[in-house]
Amino acid sequence: MSEVRRIINTLKHTYEKDAWHGPAVKEVLADVKANQVFNRVGNSHSIIELVAHMTVWRNYVTEKLNGNDSFEITDDQNFPTEKNWEK
């Protein structure tokens with residue numbers, strides 16, 4: 001297995017299951033209720049904003065590792081204003 005494929009697999013496990021560090025992102029978020037995802041503590045980002053942000057950057061890293069040198073993230077994509085928790 002190539003080094004790039006290993007990194008991609010590590011990212012996949014970090015988000016989905018069997019992460020080396022403990023619960024994966026999706027496992028941690030499994031018990032979060034839809035009515036909680038827009039809550040903020042002070043001026044912090046909401047859960048849905050943070051998840052959308054992590055997803056955008058996971059996609060960025062994956063694209064770059066797959067050789068897509070032209071793939072970029074816009075400011076709007078960096079912290080998207082996602083409203084659909086199921087998405």
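**Close-up views of a predicted model**

E3 is partly exposed, with a relative accessible area of 48%; the label "partly exposed" sits between buried (under 20% relative accessible area) and exposed (over 50%), using a 1.4 Å probe and protein chains only. This is a predicted model, in which local features need pLDDT of at least 70 and side-chain atom pairs count only at pLDDT 80 or more, while totals for chains, interfaces and linings use all residues. Residues are numbered from 1 along each chain as its sequence is written, and side-chain values use heavy atoms, leaving out hydrogens and water.

**View 1. E3 pairs with R6 in a salt bridge.** Here the closest N and O atoms are 3.3 Å apart; a salt bridge is a side-chain nitrogen of Lys or Arg within 4 Å of a carboxyl oxygen of Asp or Glu. About one helical turn separates the two, because they are three residues apart in helix α1 (residues 3-15). Helices are DSSP runs (H or I, at least four residues), numbered from the N terminus. R6 is partly exposed too, at 40%.

**View 2. E16 and R58 form a salt bridge.** Their closest N and O atoms lie 3.6 Å apart. This pair links distant parts of the chain, 42 residues apart: E16 is in the loop between α1 and α2, and R58 is in helix α3. Both are partly exposed, E16 with a relative accessible area of 32% and R58 with 22%.

**View 3. E72 meets K64 in a salt bridge.** The closest N and O atoms are 3.4 Å apart. K64 counts as partly exposed, at 24% relative accessibility. In total, the structure holds four salt bridges.
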